[in-house]
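Please consider the structure shown below. The paragraphs that follow lead through selected parts of it in turn.

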Amino acid sequence: AVFESLSGRLQEVFRRLRGKGKLTEADVNDALREVRTALLAADVNFRVVKDFIARVRERAVGAEVLESLTPAQQVIKIVYEELTALMGGEHAKLSVAPKPPTVILLVGLQGSGKTTHAGKLAVHLRKQGRRPLLVAADVYRPAAVRQLQVLGEKAGVPVFQMGQQDPVAIARAGVEHARSTGLDTVIVDTAGRLHVDDELMGELERIKAAVSPHEVLLVVDAMAGQDAVNVAEEFHRRLGIDGIILTKLDGDQRGGAALSVRAVTGRPIKFAGTGEKLDALEPFHPERMASRILGMGDVLTLIEKAQEAVDAEKAMALAKKLAKDQYTLEDFRDQLRQMRRLGPLEQILSMIPGLGRLRELQDLKVDEKELARVEAIINSMTVQERRHPEIIDGSRRRRIAAGSGTRVADVNRLLRQFEDTRRLMKQMSSMERTLARRGGK
Ligand code: GDP
């Protein structure tokens, strides 16, 4: 899952910190040293780590924090806030032209996911009621025009192309076409190269001058880590960019690019790509990402996804229960069912507070068969048992195991996992409430 190793390490540091009760300055320094190591191991830019740790330390070692009733939570809160700030603070929206069409220029290296994300962006904008046009200005890779046409067809979005002609002329004609046919957003897919070179930059500059885009979005591959950050710096220095689409975040176990690209370029990540499919695009919300990294879950993104993909009412009800700590085995089962419809399990699990943190559930999450078993066990319980698992004694356990074709040990394990989850959710939701109150979310 996204940021898995970083997330695991940070959570371990904070778990130990929380176990301490009263904190000394030395405790905080020890913890921060470990945070620093974890960030460096996650391939976060060296300078970025240094500044980050300095900022956190300055806020965390004051008397106000150390002498508070919940010093560990205060430190975690500071880390959360600084992580959020590091990734840009607020969610950065796409700009919209005062007079349509809005022109979005997509630039980036070959293989970064540019063409795919042109399609995803079109789908995303159409869901918001916009009328996009895709323009095929990547004329060197012959397959690129065709690829964009296929994506356009799948997405139900028109594609403007003129074959292998001058990309500047194509971009200009594409914008003209949108204007004359009443399409309000133009997404120009440009050529990439394997490396940043003068010829490519020259061409992008000419396109930029010809169509005066409202957004120059750089598409970079998160899995490239610090190389992605260097590419972004280079594009920004030579071309000037307004924002970043960070792709392949689904395959990024470390998170170095996501955590440093904003600080290094000064430009926000506006979207994250999380898969190969056309709907695998998320508006990038720094505070939600920080929350996921710290294992506090991302209930908001989960709800948004649920609203798009699943029963919106159920998702809202779940959010309420999470907040009120009225979480039952029935909810646990409902979640499992919905998750299967929502997308790759690992992604979804990491968004649920507490769930991603549990070692047992981490084992569980990769195993669809295990999920089926869990569901069978819960189905074999009575309604009373699902709502009040504490009544499930030895004889009930035997009956449930027999009824679901599992062993008593499986039932025991599930109940333990459920209890752990519920306990963590309680902790996490009170923590999130604190954060929400103080962070002014
Ligand atoms: P371009 O050369 O920059 O236009 O790159 P493409 O759009 O052709 O994408 C290159 C490869 O990356 C393709 O195989 C895509 O399916 C894949 N890809 C693009 N975006 C994502 C993403 O967010 N996640 C994953 N897992 N794969 C992606």
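Where does aspartate 250 lie? Aspartate 250 is found in the loop between S6 and H11; helices (H or I, at least four residues) and strands (E, at least two) are DSSP runs, numbered from the N terminus. This is a predicted model, in which local features need pLDDT of at least 70, side-chain atom pairs count only at pLDDT 80 or more, and totals for chains, interfaces and linings use all residues. Residues are numbered from 1 along each chain as its sequence is written.

Aspartate 250 counts as partly exposed because 19 other C-beta atoms lie within 10 Å; a residue is buried with 20 or more other C-beta atoms within 10 Å of its own, exposed with 12 or fewer, and partly exposed in between, the C-beta atoms being placed from the backbone. From aspartate 250 to alanine 222 the C-alpha to C-alpha separation is 8.9 Å in space, while the two are 28 residues apart in sequence.

Strand S6 (residues 243–247) pairs with S7 in the parallel sense over three bridges, where pairing requires that DSSP find at least two bridges between two strands. Within this arrangement, leucine 246 has alanine 272 of S7 as its bridge partner. Strand S7 (residues 269–273) is mostly covered, five of its five residues being buried. On strand S8 (residues 281–283), S7 has an antiparallel partner, joined by three bridges. There, glutamate 282 of S8 is the bridge partner of alanine 272.
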